[in-house]
Amino acid sequence: MAEEQKKAGAPSQAKQAVKKGAPAQVTTQAVKKGEELSTWGKVKKWFRDMKGELKKVIWPTKKQVVNNTLVALVVMLVAAVCIWGFDQIAQMGVKALITLVK
């Protein structure tokens, strides 16, 4: 009888040990073999999983977003200028070949 009381008291002690500021532990619900989730159950599980994953994301600061955007724009501009330059060189080459053939 004393062992049953100890076992029954263990979960309440575990709850008391959890700190208020500590993140909640995520538990997964295992689906038994042969037991399928309904379509609505799958949708609910998908949203629950998505919410859990979004909590793990480290979102960039405003400064990082601005910096990354500027780097992307500069790289795009440099690539555009290089492609334009190669196109101009190719165009001059084609025109030179046409004048030789005429």
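1. By the rule applied here, in which a salt bridge is a side-chain nitrogen of Lys or Arg within 4 Å of a carboxyl oxygen of Asp or Glu, the count comes to two salt bridges. The model is a predicted one, in which local features need pLDDT of at least 70 and side-chain atom pairs count only at pLDDT 80 or more, while totals for chains, interfaces and linings use all residues. Residues are numbered from 1 along each chain as its sequence is written, and side-chain values use heavy atoms, with hydrogens and water left out.

2. One of these bridges joins the side chains of D49 and K45, with an N to O distance of 2.9 Å. The two residues are four apart in helix α2, and D49 and K45 are therefore separated by about one helical turn. With buried meaning under 20% relative accessible area, exposed over 50% and partly exposed in between (1.4 Å probe, protein chains only), D49 counts as partly exposed at 39%, and K45 is likewise partly exposed at 31%.

3. Another salt bridge is formed by K56 with E53, whose closest N and O atoms are 3.2 Å apart. Both K56 and E53 belong to helix α2, where they are three residues apart, about one turn of the helix. K56 is exposed, with a relative accessible area of 59%, whereas E53 counts as partly exposed at 46%.

4. The structure also holds one aromatic pair, namely W46 and F47, which are arranged edge-to-face at 5.0 Å centre to centre with 80 degrees between the planes. F47 is partly exposed, with a relative accessible area of 46%.

5. W46 and F47 also belong to a nonpolar surface patch of about 860 Å², which they make together with W40, V43, M50, L54, V57 and W59. Patches are made of residues with over 30% relative accessible area and no salt bridge, like charges being joined within 9 Å and nonpolar side chains (Val, Leu, Ile, Met, Phe, Trp, Tyr) within 5 Å. M50, one of the patch residues, lies in helix α2, which spans residues 39-56, and M50 is partly exposed at 32% relative accessible area.

6. Taken as a whole, the chain has three helices and zero strands, where helices (H or I, at least four residues) and strands (E, at least two) are DSSP runs numbered from the N terminus. Of the 102 residues of the chain, 1% count as buried.

7. On confidence, the chain averages a pLDDT of 81, and 66% of the residues score at least 70, pLDDT being the predictor's confidence in each residue, from 0 to 100. Confidence is lowest in helix α1 (residues 2-17), at a mean of 53, and highest in helix α3 (residues 62-101), at 97. Where pLDDT is low, the predicted coordinates should not be read in detail.

Key. Accessible areas come from the Shrake-Rupley method with a 1.4 Å probe; for residues, only the protein chains shown count as cover. Rings of Phe, Tyr and Trp (its six-membered ring) pair if their centres lie within 6.5 Å; planes under 30 degrees apart count as stacked, over 60 as edge-to-face and the rest as tilted.
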